[in-house]
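Please open the model in your viewer and keep the selection panel at hand.

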2 protein chains.
Amino acid sequence: MAESNPLPSWLDGPSKKVIAEYVEAVTRSGSPDLIPEPARMAQLRVRLEAEPEVGDNPMVQAALKGDVATLLANHHHGLVEVLTLTHSEMTTEDFSASVDHWIRTARHPRFDRPYDQCTYRPMRELLAFLRSRGFKTFIVSGGGQDFMRPWTERVYGIPPEQVVGSRGRVRYELRNDRPVLVKTMESLFVDDREGKPAGIHEFIGRKPVLAFGNSDGDKAMLEYTTLDNPYRSLGLILHHTDAEREYAYDVNPGSTGSLVEAKADAPKRGWHLVDMKEEWATVFDGG
Amino acid sequence: MAESNPLPSWLDGPSKKVIAEYVEAVTRSGSPDLIPEPARMAQLRVRLEAEPEVGDNPMVQAALKGDVATLLANHHHGLVEVLTLTHSEMTTEDFSASVDHWIRTARHPRFDRPYDQCTYRPMRELLAFLRSRGFKTFIVSGGGQDFMRPWTERVYGIPPEQVVGSRGRVRYELRNDRPVLVKTMESLFVDDREGKPAGIHEFIGRKPVLAFGNSDGDKAMLEYTTLDNPYRSLGLILHHTDAEREYAYDVNPGSTGSLVEAKADAPKRGWHLVDMKEEWATVFDGG
C-alpha cells in the first residue's frame, strides 16, 4: 500500500498537510467531522494542460458567432476541440473517434508529448487518494464534455458519467435501424463561472464537499462548495507559479483563465492556494 | 443471502427466466457475452405510480403555456410536481423541501398510502439484483429531475447523480454570502421519447446494456440500448395488464403514456414484455 505516503509528488508543504488533515477528519470513524460516504463528492478541475476555456475563449466566442475566418486564422491550442465542439450535425460516435485520434497523435508544442500525457501527476495522485477514502470524484470543466469523456477514464480513472462540461443538446435519430445521436448547438451550456454550480446541480444533484480549481472560472464552484455547507468542506486553488516547469501567471489573457478574483477572495473564504513551484515535486510524468 | 432467489416477487414466468439468463450470461466469468463491469449500465423507468409524464401531459403543456387556470381547474395526480417543475424563481433547496414534505404527507387516492410507498416491489428487487451483479442502475424518467432526487435514494437505492429526468436550467446567485440555485424554465429539457437517449448521452455518456420501460415514451431509449450495441443487451417493457391490483391499458389518454408503438415493435426488436398480472406475485408492498 502507498497509503503511508499517498501523495508522493507533493512536497511536505502546507497544502499536503491541509489535504491530509481534511481527509482524515472527514473520513475517520468517530470523527466529529465525519462525512457519510455517499456525500463525499469531490469536484476537481483536472483538465488537460492547454485545454481551452470555453467561456472566455475568444475562439469559442468566434465559433458561437459563426466567425470561421477568425477560427481558421488562429492556430490556437485546442482548436480541434473548439471546431468539434461547434461541429453541429456530427454524430457523437464520429466526434468521439476524432477526439480519440487527435489526443493519441497530436503533440503539445511546448512539452513535446501527446496531450493526454500533459496531465498533472499530483492531481492524479490526489484523485486516487480521495477515492481510496470513499470519495466519488468528478471532473467539472469548462471544456467540452464530449471532448473529455473519451479519455478521462484512462487518464484520470474518472468514468464518462462523472464528467461534467460544456455541451450542446444532441438529437436522436434512427438511420436504417441504427440509432445515432447528432450534435447540435441548441441549448448550449457553458460549464464555467456561474455555470459550474448549475452544472453540478443538474448532473449530480448534491453539493460537493471538496472543490479544486485554478482560475476565476472556478470561483462560483468554490463558493457553492464551501459556503453554507452542512459538512466540513475544503476549497483548493492551484496557483500557477512555475514558469520553468509549466507556467507562472495570475492574469492570463490567453487561452486559460486568470486567477484574480478567486485569489482575492481566498483569505476570507478560507480557500487554500496550492503553490505549484513550491509544493509539487513533480508536475508531469517524467519531469 | 437471497441470491438463491433474488426476485421473490416475480413468478416463475418467461420474464424472470429471460432476466436471470441475461444477467448470468453477461456477468459470469468466462462467458462469451461477459460485459466488463464499468459498462454494465442499466436504465430503468422506476417512477412513482401516477407520476405524470412531462412530455405528453396536458397539464405540463398548460404549464408551459402559462395556462394556470387549466392547471388549477384540474385536480390531477402529481399537480404539485407540475406546478413546482414550472415554479420558476424557486430555489432548489425550497423546491426539494416542498417535494419532501409532499411525498411524506400526500396519499395516493386509490391505493390510500403515501406516494413513496406506491413503488413496484418487483422493480426494487430487480434493481438490487442488478447491483449485486455489478450493474450501475439509473432512473431515466420523464418526471422532473428535481422532483425525483429527494427520495430516489431512500426508496430505490439510486443516488441523485444517477437520476436523469426533465429539467430547466438553474441560475447561480450569491445572496448575502449564501449560494443559492434558482430554478428557471430556460433550456427546458423534456426527458421523454427522443429526449431519453439524448438525456442518457448528456448525463452518462455511454450506451446502456439494459433498458426497462413501460410506454411509447421509452421506445427511443429501448432502440438506443438494444440496436447496434457492442455488448449483449436486454430490452424489457412492463405491460400494465392488471386492472385489479394496478391498471390495465395499452392506450392511455390520461396521465401516463400509452404502449402502442413500442409494443408493436417489440417482436422485431426482441424486446420482452413483462405481463404484470401473470408475472408479478406482488405489485406493491403489502399487497
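A salt bridge is here a side-chain nitrogen of Lys or Arg within 4 Å of a carboxyl oxygen of Asp or Glu. This is a predicted model, in which local features need pLDDT of at least 70 and side-chain atom pairs count only at pLDDT 80 or more, while totals for chains, interfaces and linings use all residues. Residues are numbered from 1 along each chain as its sequence is written, chains are lettered from A and ligands numbered from 1 in the order in which they are written, and side-chain values use heavy atoms, without hydrogens and water.

Select B:K219 and B:D265 to begin, whose side chains form a salt bridge with an N to O distance of 3.6 Å. B:K219 belongs to helix α9 (residues 219-226) of chain B and B:D265 to helix α10 (residues 261-269) of chain B, so the pair ties together parts that are 46 residues apart in sequence; helices are DSSP runs (H or I) of at least four residues and strands (E) of at least two, numbered from the N terminus. Both B:K219 and B:D265 are buried, that is, under 20% relative accessible area, with exposed meaning over 50% and partly exposed in between (1.4 Å probe, protein chains only).

A:K263 sits in helix α10 (residues 261-269) of chain A and A:D250 in the loop between β7 and α10 of chain A. A:K263 is partly exposed at 30% relative accessibility, and A:D250 is partly exposed at 25%.

Finally, select A:E89, A:R171, A:E173 and A:R175, which are linked in a network of salt bridges.
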